[in-house]
Amino acid sequence: MAAAEDTKKDADAKATKAEKEDPKAENGDAKDDKKAADAAKKPQVEDDVIKKIVAGVGIPLDIGARVQCKWRDGQMYPVRVIERRAGPKGKEAQEEYEYYVHYEQFNRRLDTWVTIAEMDLGTAEQDEPGKKRKHEDAHDEEHAEFDPNALREHEEVTKVRNILKVELGRHEMDTWYFSPFPPEYTACKKLFFCEFTLNFFKRKEQLQRHLRKTEMYHPPGDEIYRNESRGKTTAFFEIDGKKEKIFCQNLCYLAKLFLDHKTLYYDVDLFLFYVLCEVDERGYHIVGYFSKEKCSEEGYNLACILTLPAYQRKGYGKMLISFSYELSKKEGKVGTPERPLSDLGLVSYRGYWTRELLAILKDESRAVMSIKDLSELTMIKTEDIISTLQHLNLLAYQKGAYVICAAPELIEKHLKAAGSPGVEVDPTKLIWTPYNAEKEYANFRG
């Protein structure tokens, strides 16, 4: 036994020595980081590009050009060139340029790098200087919090994905959007995240060294819920952004890779984060999360929500929404998600509201329900109840008041269309005390 311990000590000593000798062991080469940061800040000037005519078209194609491009299904679709970069042989090899394109019929998350080999150059057309396209001035509800100038700036900064892949635990995921990682990481195509601490690294070896040192196999904060359902154990952690700033900022960096319609909050002090995990013998594995303001004047019970791509279509998104309302019930406060909602967000919430409201209306043992009664039972805001019932054509406005008109067969039809509730939350397993701002202020004052 003593020999085994000595062997382990020797191995640890060698690893420590190697890390001291190799400054790249944990944080990477500082000089390389500085070069990468400088390169990221330095604009690439392409005024000296010499065009070459191929199939009657000058290449490299200009930024803003439209052309038909092949998609994964082998079909051709219209794309717009957002950015371009020279290939390994430099600007003289015009045919080797790569183009970052947006497929105009698809979501931005599918933007990608392509070459002219995937394009039909015969369909290429260049925008006339100063000419605006219809879609450029269209109202964007998902970015309603931006004014037009801020929106243009946001789209310019985030137009090209900087990180293409992330590895988190057993999962490797393609990213969808730009995320403002520190400049030294902008040259990385793939980042490696510790699934327990959310520290991120440029190289797999750095992550492995970190994992050998870490003794934490769950998120920080307080575990407030654990339950076994469908053969899997799930848990929720409540994390104070002020107390665990680095973890919460890293969570925002990760989330922004998969969210486009939300701004990233660097100041996480004002938020509580509720992280959903799957639990097994190896530890707690992050599935998704939602955040909420500690004190919301508008009564928001959710600010941002994400289920990681590796765990989507498993009912966890519905569970996150349901859990946010269970917290509202515990607080005794009516809640609603922060606006604006994305299209997918509205569909998810409307499904939850439909299931909750119709389950109560379906119960014949209950007396006649008013909208106020429904709000007090579910903690759903009255405006959300009205919009949901109107969407379902179950609400009439008569003599200055709303009247619920819900025939049993119509309720069953809508409940069936709303789908399953996903992974259900058991309120009896929630052990939680609502956040108390006055108590924290008193502790701060000493």
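**Close-up views of a predicted model**

View 1. The structure is a predicted model, in which local features need pLDDT of at least 70 and side-chain atom pairs count only at pLDDT 80 or more, while totals for chains, interfaces and linings use all residues. Residues are numbered from 1 along each chain as its sequence is written, and side-chain values use heavy atoms, with hydrogens and water left out. A cavity is a set of points, on a 1 Å grid over the protein atoms alone, where a 1.4 Å probe fits but cannot get out; its volume is the space filled by probe spheres set on the points, which are joined across faces, edges and corners. Lining residues have an atom within 4 Å of a point. Those of the second largest cavity include Tyr 100, Arg 108, Asp 111, Trp 176, Tyr 177 and Phe 178.

**View 2. The open sheet of five strands.** The strands are arranged in the order β6-β5-β4-β3-β7, with antiparallel pairing. At the edges, β6 (112-115) and β7 (119-125) each pair on one side only. On average, neighbouring strands of this sheet are turned by 45 degrees against each other, direction ignored; the axes are lines fitted to C-alpha atoms. Strands (E, at least two residues) and helices (H or I, at least four) are DSSP runs, numbered from the N terminus, and two strands pair if DSSP finds at least two bridges between them.

**View 3. Strand β3 and its two partners.** Strand β3 (residues 66-70) is joined by five bridges to the antiparallel strand β4 (residues 76-85). The two form a hairpin with five residues between them, and Gly 74 in the turn has a positive phi of about 90 degrees. Three bridges join β3 to β7, also in antiparallel fashion. Arg 66 stands opposite Arg 80 in β4, and its bridge partner in β7 is Glu 125.

**View 4. The two sides of helix α11.** Within α11 (residues 408-418), the residues Ile 411, His 414, Leu 415 and Ala 418 are buried, that is, under 20% relative accessible area with a 1.4 Å probe and protein chains only. These residues lie on the same side of α11 because they cover an arc of only 105 degrees around the axis, taken from the directions from the helix axis to the C-beta atoms. On the other side, Glu 409, Lys 413, Lys 416 and Ala 417 are exposed, meaning over 50%. The cover of the buried residues includes α8 (343-362), contact being heavy atoms within 4.5 Å. Just after α11, Gly 419 has a positive phi of about 80 degrees.

Conventions. Axes are lines fitted to C-alpha atoms, for helices over the stretch in contact, and angles run from 0 to 180 degrees between N-to-C directions. On a 1 Å grid over the protein atoms alone, a cavity is a set of points where a 1.4 Å probe fits but cannot get out, and a pocket is an open set with protein on both sides within 12 Å along at least five of seven lines; lining residues have an atom within 4 Å of a point.
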